[in-house]
Amino acid sequence: AVRTVRARGIFMEHAAPEGTGAMAAVLGMDGEAVERTVHDLQGVFIANYNCPGQQVISGEKAAIEAAAEKLQEAGISRIVPLQVDGPFHTIMLQGAGEKLRKYLEKIEIKTPEIPFISNVTAQEENDPDQIRELLGQQVCSPVRWQQSLEEVIRAGADTFVEIGPGHTLTNFVKKTNRSVSVYNVEHVEDLQKLVQIGA
């Protein structure tokens, strides 16, 4: 798994010339409205559907700057440039996705024992060949995080635990559905508290 993640990073790094891409978080507008606003702009794509009121656009640097102006005119509350220089999760990384799919042909993928939700389809996927295909597509497709969360909640999940530094995903869950429980484990003490409450 670690070797595959490393290969994925290398393929993505070499897929687009350095400095030609950009990404920006769009705050205060739902996904459909963002799609409508940037629809006619060349070189701009929705890269992430994070939560209600927060999407990420990605693509060519100049096109993202033009999209920022158009989105501000359309009434977004804020646009935040991300500290990356690649057009991640767009068709501009299609070459990286193809290389990853070929790489994954050598990797055995078993039928999941725990439900697996692909953030390409925001649906449960069980077929190993389809999962392999989707892992390749994920590099150059929008991350449907909000829709994936909604699908997991529909399936009955009511408790989420974010493991790692920061609270970004915890905040996305809270903004997507306030009726579920959310915990963040950043330090050993956080894990101990989580165990004590039996979450």
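This is a predicted model: local features need pLDDT of at least 70, side-chain atom pairs count only at pLDDT 80 or more; totals for chains, interfaces and linings use all residues.
The structure holds zero disulfides, a disulfide being a pair of cysteine sulfur atoms within 2.5 Å.

Residues are numbered from 1 along each chain as its sequence is written, and side-chain values use heavy atoms, with hydrogens and water left out.

### Salt bridges

Side chains of opposite charge can pair when their charged atoms come close. A salt bridge is defined here as a side-chain nitrogen of Lys or Arg within 4 Å of a carboxyl oxygen of Asp or Glu, and a search of the whole structure finds three of them.

| Salt bridge | N to O distance |
|---|---|
| Arg 101 and Glu 133 | 3.9 Å |
| Asp 129 and Arg 132 | 3.1 Å |
| Glu 151 and Arg 154 | 2.9 Å |

The helices and strands named in this report are DSSP runs numbered from the N terminus (helices: H or I, at least four residues; strands: E, at least two). The salt bridge between Arg 101 and Glu 133 links distant parts of the chain, with Arg 101 in helix 4 (residues 94-104) and Glu 133 in helix 5 (residues 128-138), 32 residues apart. Glu 133 is partly exposed, at 32% relative accessibility.

Asp 129 and Arg 132 both lie in helix 5, three residues apart, which is about one turn of the helix. Asp 129 is exposed, with a relative accessible area of 54%, whereas Arg 132 counts as buried at 15%. Glu 151 and Arg 154 are likewise three residues apart, in helix 6 (residues 145-154), and are separated by about one helical turn. Here Glu 151 is buried, with a relative accessible area of 17%, while Arg 154 counts as exposed at 61%. An α-helix has 3.6 residues a turn, so residues three or four places apart point the same way.

### The aromatic pair

Rings of Phe, Tyr and Trp (its six-membered ring) pair if their centres lie within 6.5 Å, and planes under 30 degrees apart count as stacked, over 60 as edge-to-face and the rest as tilted. A search of the whole structure finds one aromatic pair. Phe 11 and Tyr 103 form this edge-to-face pair, with 6.2 Å from centre to centre and 70° between the planes. Because Phe 11 lies in helix 1 (residues 2-13) and Tyr 103 in helix 4, the pair ties together parts that are 92 residues apart in sequence. Phe 11 is buried, with a relative accessible area of 19%, and Tyr 103 counts as buried at 18%.

### The two sides of helix 3

In helix 3, the residues Ala 63, Ile 64, Ala 67, Ala 68 and Leu 71 are buried. They cover an arc of only 145° around the axis, which puts them on the same side of helix 3; the arc is that of the directions from the helix axis to the C-beta atoms. On the other side of helix 3, Ala 62, Glu 69 and Glu 73 are exposed. Helix 3 is followed by Gly 75, whose phi is positive, near 105°.

Conventions: Buried means under 20% relative accessible area, exposed over 50%, partly exposed in between (1.4 Å probe, protein chains only).
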